[in-house]
2 protein chains.
Amino acid sequence: MNREIIGKRIRRIRRELNTKKIDCLIVTKPANVTYTTGFMGDDSWAIITKRAVYLMTDSRYTEQAEQECIGCRIVARTNSMAEAVVRLRKKLKTVRSIGIEKSTSLAAFESLKKHVKLRLKAVSDIIETVRRTKDSSEIVAIKASISISAKALKQTVGYIKPGVTESELAGMLDFQIRKLGATNSFDTIVAFGPNASRPHHQPSKRKLKKRDTVLIDFGARYKGYCSDITRSFAAGRPTRFFEKVYEAVQQAQAAAIKTIKAGVEMVKVDAAARQAINSCDLPVYEHGTGHGFGLEIHEFPFLKAQSKGKLKAGDVITIEPGVYIPGKLGVRIEDDVLVTDTGCKILTNSCQHMLKLSN
Amino acid sequence: MNREIIGKRIRRIRRELNTKKIDCLIVTKPANVTYTTGFMGDDSWAIITKRAVYLMTDSRYTEQAEQECIGCRIVARTNSMAEAVVRLRKKLKTVRSIGIEKSTSLAAFESLKKHVKLRLKAVSDIIETVRRTKDSSEIVAIKASISISAKALKQTVGYIKPGVTESELAGMLDFQIRKLGATNSFDTIVAFGPNASRPHHQPSKRKLKKRDTVLIDFGARYKGYCSDITRSFAAGRPTRFFEKVYEAVQQAQAAAIKTIKAGVEMVKVDAAARQAINSCDLPVYEHGTGHGFGLEIHEFPFLKAQSKGKLKAGDVITIEPGVYIPGKLGVRIEDDVLVTDTGCKILTNSCQHMLKLSN
């Protein structure tokens, strides 16, 4: 990321603020603070006015802020965040209307309201809307994050042996991610056998059996950016039924990916995947077909049966259809794609689909 | 946890609500939802009235809720949380005043306000105040979490060798925690050499040198409950200066622990530690001397230079003085103690202080 890229982001945000008649936006969501300042620490807010961007932080983070921030002024607060905002506010004489992000807690909002005399307007999705379209530096970071995920999974394969627990396997995968200098995008899901029928299963003490199926849903976070990949496979020789289900999910994913292109209605992508599973006489999944990701693991756009709107060039999304049969099995295949004007680029090709187990 | 324990919690919360003239509390903070219902999943709220406790969840979590919840009614919402609350509200004819937790986001609050016709009163710290005093089931869980932390650290010792990176070492410790069936209370901090002078350092690619010092701040989370331990030591033969600093921090911690007893002013505990460091002519740390923990890693009470109030029997707190010299070193020693009527119990004795390294 450089000054030019961050300058472009701020200009796009200011245009949105202008339309909404807001002179000054208080940014409290950590991902939005990072996006607008480059700062990766905690407990800090950004303030965007027509003329400048401020990072409100404290002494724990000033050293880090000086290293990370681009094009913004660092304010080291000594009192509460509310008091620091008021102090800054006094300098900003031309500010008439202040917006604050809706993700802010009631507690922070009330404390601010007490101190700042102006009306605070709660606003949502201003920066999230801008963040939807990834710039070149973001695509580089996402690709790096995916590359780490792929390597980490490869290095975990030797561990997938009868007797290993879901929790251990998740831990080993996380360790490999760490070894590669990254952290997790979200809590790794490892589910053996019928446990995979719960999309949000938490890794348990269940041990892998010889012919169990395995579902792994994971992603590295590198330089702030996420990746999100799911692989499903059989530990031993797969059953016919598993093969049938796997093939159906694979077809559903391929059908969805085939429709992707800037300008395409998102419901069309969603419907393509569901239709493929339905036509195999398998139960259609209840979750969405995909979602954007970047600094957060779930971002705009969301691809669901009720989605409104079209795909745009620069969207980075997951495509993740699944089949879930309680008490029996769960199969989900999830890849990450970049939407382009002419179609899409699959970013997760480096992450092998059918793992070759060593046992 | 059983019905009796959770019944007692709810009775204590209802007494607080009664004092504040609130008939019905909307609980949105995950730790508070767990505390009042037993439920450990996400995206769910609890509603506490004079007669019942409700868990508002959705189809992803109903199976889990049925297994985990004690003494509460499970409501599987199909629409937005706000609409589900309104639907429930219609059944609760006697409810006049509704409280909602201040940690709720503005977005959720505004959506509720639009649907619910009654005035919503933003309230803070009602359940947090009750949670401060740990009950027997919580102390058992915290002890189990500490025991896992101690084992995990012991099993990581063999990895502390020149060449290992901070990030790898953190990953190995996290892996051992996972292997023992737990997760992390918070992001593990591993800091080598001068990196330890930043209390919130993030593990980096820095490699361990032969005579580096090491700081590890970590904790397992088991059955929802945290632990929080810091160990500092030298990888090789310690320098005289490190030994001097270590001894000072150890004395500071001992001095603080000596003062602990139900009824003692918290500032007295804080001052005891700072004084010990000051009297060694070392710089006094800027962070607090300790904090409560339980379902969250930071809970009431907070032991700082400006703390008001006294310790109570049933407080479970950290005591964690430190010395930080930028560019040179950082030493922090953190143990967990249970406050009793006659003094305190150190819960982290099983976690060795001076690690015996294998190299």
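This is a predicted model: local features need pLDDT of at least 70, side-chain atom pairs count only at pLDDT 80 or more; totals for chains, interfaces and linings use all residues.
In what order do the 3 strands of the open sheet in chain A lie?

**View 1. The open antiparallel sheet of chain A.** The 3 strands are arranged in the order 8-9-12, and their pairing is antiparallel. Strand 8 (189-192) and strand 12 (229-234) of chain A form the edges, each pairing on one side only. From one strand to the next, the twist averages 10 degrees.

**View 2. Pairing of strand 9 with strand 12 in chain A.** Strand 9 of chain A, comprising residues 213-218, pairs with strand 12 of chain A in the antiparallel sense over 6 bridges. V214(A) has F233(A), a residue of strand 12 of chain A, as its bridge partner.

**View 3. Helix 8 across the sheet strands of chain A.** Helix 8 of chain A, formed by residues 166-179, lies across strand 8 and strand 9 of chain A. The helix runs at about 145 degrees to strand 8 of chain A.

**View 4. The surroundings of I216(A).** I216(A) is located in strand 9 of chain A. Because its relative accessibility is 1%, I216(A) counts as buried, the cut-off being under 20%. Leaving aside residues up to four places away in sequence, I216(A) touches L153(A), I160(A), L169(A), L173(A), I189(A), V190(A), I229(A), T230(A), R231(A) and F233(A). One of these contacts, F233(A), is also the bridge partner of V214(A).

**View 5. The separation of I216(A) and R206(A).** These two residues lie 10 residues apart along the chain, and a distance of 14 Å separates their C-alpha atoms.

Definitions and conventions:
Residues are numbered from 1 along each chain as its sequence is written. Chains are lettered from A and ligands numbered from 1 in the order in which they are written. Side-chain values use heavy atoms; hydrogens and water are left out. Two strands pair if DSSP finds at least two bridges between them. Helices (H or I, at least four residues) and strands (E, at least two) are DSSP runs, numbered from the N terminus. Axes are lines fitted to C-alpha atoms, for helices over the stretch in contact, and angles run from 0 to 180 degrees between N-to-C directions. Contact means heavy atoms within 4.5 Å. Buried means under 20% relative accessible area, exposed over 50%, partly exposed in between (1.4 Å probe, protein chains only).
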